[in-house]
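Please study the sequence and the model shown below. Then work through the exercises on the ligand and its surroundings.

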Amino acid sequence: MSARLFLDGVDDEANGVFLCIETSCDDTSAAVVAGREVRSSVVSSQNELHAQFGGVVPEVASRRHTELVNDVVAEAMSSAGVTWADISAVATTQGPGLIGALLVGMAAAKAIAYRRRLPLIPVNHLQGHIAANYALGVEPPFLCLVASGGHTLLAVVEEGVRYRVAARTMDDAAGEAFDKGARLLGLGYPGGKELDRLAARGDAAAIGFPRAAAKGRDFSFSGLKTALLYHLREMDEDDIVARRADIAASYQAAIVRQLADKTLSVALAEGVPSVAVAGGVAANSALRRELAERCAAAGLRLSLPPFALCTDNAAMIGLAAGFLPALPWPDYLGLDAYASDAEARPQRPRRGPNASPRA
Ligand code: KG4
Ligand code: ZN
């Protein structure tokens with residue numbers, strides 16, 4: 001294992017072996033990451049716990065994170081075969097996400113880092129999703145489609161985890177469109193995965209849901225969700241049950257077509273050689289197929305992380321942390337989590353003129 005590195009200022013990019021924690025929503029996760037190598041990644045999903053409520057209940061998620069976080073960290077350490085002496089920094093998600101859930105991971109990370117006299121690297125969740133692609137060897141510049149339950153955007157990644165937003169959704173996130181569609185179809189929670197599974201048995205051309213998105217680069221999914229609602233209202237219950245797979249496949253195709261159309265046209269307009277995907281929706285099988293075909297036809301390289309690196313996980317937090325400044329012991333104790341990116345900047349403790357985050 002590599003020796004512990006001394007980091008003497010917030011402007012230094014950290015390296016070495018990181019213990020990473022991510023609890024921004026309903027997955028309690030920890031990982032051990034060294035550079036671009038993921039040595040272990042443990043995710044304890046709370047899906048079953050929240051399924052009874054039909055969605056994530058923030059307070060329930062926070063409490064469950066509290067119960068699980070120590071065991072998940074211990075498992076990540078032992079399956080990576082590392083001891084505390086091997087860890088050079090602790091990385092944790094600072095935001096955006098559910099504030100109570102984030103605070104559990106932050107508190108755990110601070111406690112571990114403080115006790116071990118280690119630096120701490122606060123990581124933005126979206127930069128984490130994007131950085132998952134570094135495990136696959138992608139090199140900037142690349143265009144990353146970030147599509148999760150809370151975000152949908154096209155990021156032009158210029159260097160490390162520094163990116164420029166080239167397009168974003170004007171209303172719902174793609175994951176929300178999947179989840180709401182799944183709910184209207186009476187599928188379980190979480191909806192995206194269930195809808196994907198059902199759609200595999202259906203005919204994507206059966207129903208002509210509107211595929212055209214808003215003009216320009218930005219995404220829009222709320223009209224599609226309304227179209228599904230109206231379509232279902234016209235059908236009787238038996239009909240819906242009989243044609244559920246076709247409806248799911250057609251609805252999914254409309255989301256996927258919009259994501260792929262915009263991704264390809266922005267990639268070509270930006271002149272990047274590679275496309276990457278990130279976030280839970282990047283696990284969607286139809287999206288992966290469509291992007292693979294269209295990127296190949298357009299001569300673009302495509303980075304498709306394995307499912308476990310698309311949905312929330314702590315390994316991606318470690319992959320991003322390698323590009324970010326580490327806060328030296330014990331300057332991070334007053335660090336707060338942030339629920340949205342808009343609240344992010346004022347929250348960072350300042351240490352001198354160069355202490356602002358790079359992305
Ligand atoms: O990135 P993620 O795990 O958590 C957030 O940061 O939001 O993304 C979760 C979203 C949910 O909306 C979920 O339904 C969707 O990703 N999702 C999928 C699939 N797997 C997860 N959507 C479509 N197809 C999938 N296979
Ligand atoms: Zn996420």
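**Exercises on ligand 1**

An oxygen atom of ligand 1 lies 3.2 Å from a polar backbone atom of G175; a polar contact is a pair of N or O atoms within 3.5 Å. This is a predicted model, in which local features need pLDDT of at least 70, side-chain atom pairs count only at pLDDT 80 or more, and totals for chains, interfaces and linings use all residues. Residues are numbered from 1 along each chain as its sequence is written, chains are lettered from A and ligands numbered from 1 in the order in which they are written, and side-chain values use heavy atoms, with hydrogens and water left out.

**Exercise 1.** State which atoms of N284 and ligand 1 lie 3.0 Å apart, and describe the atom pair of D312.

*Solution.*
- Step 1: For N284, a polar side-chain atom is 3.0 Å from a nitrogen atom of the ligand.
- Step 2: For D312, a backbone N or O atom is 3.1 Å from an oxygen atom of ligand 1.
- Step 3: Ligand 1 taken alone exposes 550 Å² (Shrake-Rupley method, 1.4 Å probe), and the protein buries 87% of that.

**Exercise 2.** Determine how the residues of the shell around ligand 1 divide by type.

*Solution.*
- Step 1: There are 18 residues around the ligand (a heavy atom within 4 Å); G149, D179, D196, G280 and N284 come nearest.
- Step 2: The shell divides into three nonpolar, 11 polar and four charged residues, with Gly counted as polar.

Conventions. A polar contact is a pair of N or O atoms within 3.5 Å; within protein, one must be able to donate a hydrogen and the other to accept it, and residues adjacent in sequence count only if both atoms are side-chain atoms.
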